[in-house]
Amino acid sequence: MSDCCGCGRTLDVARMQARQRRALLWVLAINLLSFAMMMAAAWHSGSASLLSGSLDNLGDALTYALSLAVVGASLAAKARVALLKAAFILCAAIAVAVGIGWKLAHPHVPLFESMGIAALLNLAANLLCLRLLWPYRQGDINLASAWMCSLNDVYEGGAVILAALAVWAFGTGWPDLLIAVVLLLLFLHSAWTVARAAWRELRASRPPS
């Protein structure tokens, strides 16, 4: 009987990790599909905010793939991967900044129809991802950082919808650029938040000297 001591806990951990992997596989697939859809819509509409959203989806897909790779790993490994996620978010922010600069140099009015349809589809996908990751939003730095990425995606989806409505209402491209700038600031804040939490976890995982 003593040989089974801890067996129940081991099985519970294995089931929890299996659920985490399943959720991450779903959100990874959803974000890859959203990236392809948003990139095509950004090219068709000429929207800077859609381009920002598509790059964010690509970065999130990489984030979820990394999260999937370290399910069940040590706290230190998860913290190091979270730092890498912060670097991905920062790279997305830099790409968005470049896109904004290009749009400022080549101003035009984006097609609000393409913007609106793509933004609505992306928001629906992001809400589904948020629901899948909701049980893991606290505690584990690996899943918590993935959940934060999904939450940012929901904000981004709503912002792009507002941009499409404003472009339609005012007949100008400045709302699209304004939302792109807001998303840029959101990415920078997220990169800092994830990096700070990961660094704190990494320091806590080190044995005392």
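**Briefing on a helical chain**

Valine 181 lies in helix H6, where a helix is a DSSP run of H or I with at least four residues, a strand is a run of E with at least two, and both are numbered from the N terminus. Valine 181 is partly exposed, with a relative accessible area of 34%; buried here means under 20%, exposed means over 50%, and partly exposed lies in between, with a 1.4 Å probe and protein chains only. The model is predicted, so local features need pLDDT of at least 70 and side-chain atom pairs count only at pLDDT 80 or more, while totals for chains, interfaces and linings use all residues. Residues are numbered from 1 along each chain as its sequence is written, and side-chain values use heavy atoms, with hydrogens and water left out.

**The chain as a whole**

- The chain has 6 helices and 0 strands, and from the N terminus on its elements run α-α-α-α-α-α.
- Of the 209 residues of the chain, 47% count as buried.

**The nonpolar surface patch**

- Valine 181 belongs to a nonpolar surface patch of about 520 Å², which is made by Leu90, Ile94, Val98, Val181, Leu185 and Leu188.
- Residues of such a patch have over 30% relative accessible area and no salt bridge, and their nonpolar side chains (Val, Leu, Ile, Met, Phe, Trp, Tyr) are joined within 5 Å, whereas like charges are joined within 9 Å; a salt bridge is a side-chain nitrogen of Lys or Arg within 4 Å of a carboxyl oxygen of Asp or Glu.
- Helix H3, residues 75–105, and helix H6, residues 174–205, each supply at least two residues of this nonpolar patch.

**The largest cavity**

- The structure holds 2 cavities of 30 Å³ or more, a cavity being a set of points on a 1 Å grid over the protein atoms alone where a 1.4 Å probe fits but cannot get out.
- About 40 Å³ of space lies in the largest cavity; grid points are joined across faces, edges and corners, and the volume is the space filled by probe spheres set on them.
- Its lining, meaning residues with an atom within 4 Å of a point, consists of Asp56, Gly59, Asp60, Thr63, Phe88, Ile89, Ala92 and Phe187.
- Helix H2, residues 48–69, and helix H3 each supply at least two of the lining residues, and H2 provides the largest share, with 4 residues.

**Individual positions in the helices**

- Leucine 55, placed in helix H2, touches Met39, Ala92, Ala95 and Val96 when residues up to four places away in sequence are not counted.
- The C-alpha atoms of leucine 55 and phenylalanine 35 are separated by 7.1 Å, although these residues are 20 residues apart along the chain.
- Serine 114 lies in helix H4, residues 112–133, and is buried, with a relative accessible area of 15%; beyond residues up to four places away in sequence, serine 114 touches Ala41, His44, Ser45 and Leu50.
- Alanine 159, in helix H5 (residues 141–170), is buried at a relative accessible area of 11%, and leaving aside neighbours within four places in sequence, alanine 159 is in contact with Ile179 and Leu183.
- Serine 190 lies in helix H6 and counts as buried at 2% relative accessibility.

Conventions. Areas by Shrake-Rupley, 256 points an atom, 1.4 Å probe, with all protein chains shown as cover. 1 Å grid on protein atoms, 1.4 Å probe; cavity = no way out; pocket = protein on both sides within 12 Å on 5 of 7 lines; lining within 4 Å. Contact = heavy atoms within 4.5 Å.
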